[in-house]
2 protein chains.
Amino acid sequence: MRIGELSTRTRTPVRLLRYYEEQGLIASDRLPNGYRDYEEYVVDRVLQVRGLLDVGLPTRIIKQILPCLNTPRTIHMPYVTPDMVATLEHERDRMAEKIECLTKNHRAVTDYLDAVRRDIRAS
Amino acid sequence: MRIGELSTRTRTPVRLLRYYEEQGLIASDRLPNGYRDYEEYVVDRVLQVRGLLDVGLPTRIIKQILPCLNTPRTIHMPYVTPDMVATLEHERDRMAEKIECLTKNHRAVTDYLDAVRRDIRAS
DNA sequence: TCAAAGGGTGACATCAGTGTGAGGGTCAAT
DNA sequence: ATTGACCCTCACACTGATGTCACCCTTTGA
């Protein structure tokens, strides 16, 4: 598929798709006329990338996490250096921290909203 | 306490503390000589702010969420407009999405690392 | 065949969160 | 009285993710 379709299907500006490619987050073939040509799986990949960006991870890190998200993953195993393992472990821990932080604040906001609603109903 | 102590206790550059204040995320009194003077609770507040920033929320949003994190919260109730409630509900939902996304990817990375370790031990 | 829609590159702009440095006060210890 | 540590403001710079615009090519349909 060409970039326009990928854009609408992922609700992502064309500009960003090119940017993600520039950052090595997605890949594309080229048609004879130079147009980018994407495979079907790229749709999911883009959504994954956007999710991670939205959650606060930088492209640099996302690039390293991406191999973990492939199925079958056996293909990518031989390329893993101890260095990369360390990076991934670190990122995994950071993600855990973020989950904890978000969960805590999510609860706080929820509780607050509940209290507000009770307050309104009481008045 | 003065800004230096707050900085070391929160492991946050002085520059950022001033920035957070400029953005309305923390408050300070002033000593007669113009130095900022922080109350004890600001330490937690800064950590909260940093956590939320790290998780991808912009200061603009954090500012709106902060009232939810106060105890006792009754003091802040009267000021809540329906508009703010809507914003908070929206942010709460976005946080839930982020938690889900992070959890999914955290699991993926974890599984991947497990697989890698199995692979190494087998070789 | 011409216009419109879609694609390509490149570059500059913006915004938020930071870093950093200049230039200048305050205060405590020597 | 001076030094050094700490504080102040102001301001310019950078990075990363994005918006936007300029300029040119290709494909498609009236």
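Helices here are DSSP runs of H or I with at least four residues, strands are runs of E with at least two, and both are numbered from the N terminus. Keep in mind that this is a predicted model, where local features need pLDDT of at least 70, side-chain atom pairs count only at pLDDT 80 or more, and totals for chains, interfaces and linings use all residues. Residues are numbered from 1 along each chain as its sequence is written, while chains are lettered from A and ligands numbered from 1 in the order in which they are written.

**Stop 1: chain A on its own.** Select chain A and color by secondary structure: you get 5 helices and 2 strands, in the order α-α-β-β-α-α-α along the sequence. Its radius of gyration (taken over C-alpha atoms) is 20 Å, well over the 14 Å that the globule rule (2.2 Å times the number of residues to the power 0.38) gives for 123 residues, so chain A is more spread out than a compact globule. Along the principal axes, its C-alpha atoms fill a box of roughly 70 × 40 × 20 Å.

Stop 2: Now bring in chain B. A rotation of 180 degrees with 0.0 Å of shift along its axis puts chain A on chain B with an RMSD of 0.1 Å, using least squares on the C-alpha atoms of residues with pLDDT of at least 70 in both copies. That is the relation of a two-fold axis. To find the axis from chain A, select Gly56(A): its C-alpha is the nearest one in that chain, 2.1 Å away.

Stop 3: Contact means that the C-beta atoms of two residues, placed from the backbone, lie within 7 Å. By that rule, 33 residues from chain A and 33 residues from chain B take part. On the chain A side, H3 (42-54) and H5 (82-122) each give at least two residues, and H5(A) has the largest share, with 22 residues. That side divides into 20 nonpolar, 6 polar and 7 charged residues, where Ala, Val, Leu, Ile, Met, Phe, Trp, Tyr, Cys and Pro are nonpolar, Asp, Glu, Lys and Arg are charged, and the others, Gly among them, are polar. The copies meet through the same surface, because 100% of the interface residues of chain A are also interface residues in chain B.

**Stop 4: Leu69(A).** Zoom in on the loop between H4 (59-65) and H5 of chain A, where Leu69(A) is found. Is Leu69(A) buried or partly exposed? It counts as partly exposed, with 19 C-beta neighbours inside 10 Å. Leaving out residues up to four places away in sequence, Leu69(A) touches Gln48(A) and Ala108(B).

**Stop 5: the DNA.** Select DNA strand C and the 18 residues around it, the closest being Gly4(A), Arg36(A), Pro13(B), Arg15(B) and Thr59(B); near means a C-beta atom, placed from the backbone, within 6 Å of the strand. Switch to DNA strand D and you get 17 residues, with Pro58(A), Thr59(A), Arg2(B), Gly4(B) and Arg36(B) the closest.

Key. A residue is buried if 20 or more other C-beta atoms lie within 10 Å of its own, exposed if 12 or fewer, and partly exposed in between; C-beta atoms are placed from the backbone.
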